[in-house]
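Please consult the sequence and the structure shown below.

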Amino acid sequence: MSSDRWGRVDETGTVYVRTAEGEQVVGSWQAGSPEEALAYFERKYDGLVVEISLLERRVQTTDLSAKDAMTAIEHLREQVDAHHAVGDLDALRRRLDALTAAVEERREERKARKARQAEEARRAKEELVAEAEQLAQSDQWRAAGERLRALVDTWKGLPRLDRKSDDELWHRFSHARSAFSKRRKAHFARLDAQREEARKRKEKLVAEAQALSDSRDWGPTAAKYRELMQEWKAAGRAQREHEEDLWNRFRGAQDVFFQARAAVFAERDAEQRENLTRKEELAAEAEKLLPVSDLKAARSAFRAVNERWDAIGHVPRDAKARIEGRMHAVERAIQEAEEAEWRRSNPEARARAEGLTGQLQDAVDKLRAQAEQARAAGNTAKAEKLEKELEGRQALLDQAQKGLEEFGG
């Protein structure tokens, strides 16, 4: 007979294992010694330990399904409960119980995760539907169309929901896409009609432009071309295959007219530049009359220059103000000399100037005397007031005397 901590072999060769519920028969052994019997069944126990350890590792580190895990657990539990091994079978049962609890927990976690994923998929699809319905009202045809195609790809990548929910959301999603497609087709149909109308209108504008291309009535024709251009812009775009040809014909007709006008204007501009050169020479000649020393001679010479000036034609527009300004400056200087001469020879004006100067001189002398008296009397405030008034009158007197000098003293 032989025994150890977890089992024993009796004299008949029956092998027992010790458990919390008492001894359980493991089997019988007749082929060798009792020690060999215990060693054999202990090896079977070690095999169960290895299998349980492997299952624990698979549950912890792989995606083993709960169903497959539970099947493996039940298979091992049957072997443990059969008591065909010697060892701490109660410990193995506890490990299997713990593993069962872990698998159940994992099953619940997966169930909860699946529910969360389903809810996330529902929300994602609802958001896709809401965006598609909003895009269905958009007039940004290209951008909205591209976005709707992207939403379809996103939808395909999401998990399916329950059939009813998934079908309802897909129906709304598909309806939004169809509504957008119908609106887009209607828009482009209207656009095609508008472009055809624009083509017809531009054909008429081309004909009008070509009819005007040989005109030599420069101003009115140029104005008419501007009107035609405004009508062209207002007509809108024709079909792409017609627009460029129409524009080339329309623009070509204008080019014929404007090139002819440019040639005429170039000839005119050359003539005006030559006129400018001649007028610059006359302006320089007139400016030599300044300053005026002999009024009669200056007046006569300026009149002669001006007659030659008037005989010359137009100058370039951008130079007109400048060149005429030079002549006007000489003319003003001669006029000012004439006015000064008139003032010097006008006895009434001289008498008025002399009278004003005398009055101002008397006022200045009086104020000076009063100021000196006030200061001599110690009345400083009054003296300063009179002196300030004296300064003003003295300034007026200086101006009057300067004017009197213009009459020759």
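How are helix 3 and helix 5 oriented to each other: roughly parallel or roughly antiparallel? The model is predicted, and in it the axes of helix 3 (residues 89-135) and helix 5 (residues 163-212) cross at roughly 20 degrees. Angles under 35 degrees count as roughly parallel, and helix 3 and helix 5 are therefore roughly parallel to each other.

**Contact of helix 3 with helix 5**

- The two helix axes come within 8 Å, and the crossing in which helix 3 passes helix 5 is left-handed.
- Helix 3 contributes Arg 122, Lys 125, Glu 126, Leu 128, Val 129, Ala 132, Glu 133 and Leu 135 to the contact.

**Cavity**

- One cavity of 30 Å³ or more is present in the structure, and the volume of the largest cavity is about 30 Å³.
- The lining of the largest cavity is formed by Val 59, Leu 64, Ser 65, Ala 66, Ala 69, Val 103, Arg 106, Arg 107 and Arg 110.
- Helix 2 (66-81) and helix 3 are the elements that each supply two or more residues to this lining.
- Helix 3 gives the most to the lining, with four residues.
- By class, five nonpolar, one polar and three charged residues line the largest cavity.

Methods:
Residues numbered from 1 in each chain as written. Predicted model: local features only at pLDDT ≥ 70, side-chain atom pairs only at ≥ 80, totals over all residues. Heavy atoms only, no water. Axes fitted to C-alpha atoms, helices over the stretch in contact; angles between N-to-C directions. Parallel < 35°, antiparallel > 145°, perpendicular 65-115°, else oblique. Left-handed = near helix turned anticlockwise from the far one by under 90°. Contact = heavy atoms within 4.5 Å. 1 Å grid on protein atoms, 1.4 Å probe; cavity = no way out; pocket = protein on both sides within 12 Å on 5 of 7 lines; lining within 4 Å. Points joined across faces, edges and corners; volume = space filled by probe spheres on them. Nonpolar A, V, L, I, M, F, W, Y, C, P; charged D, E, K, R; others polar.
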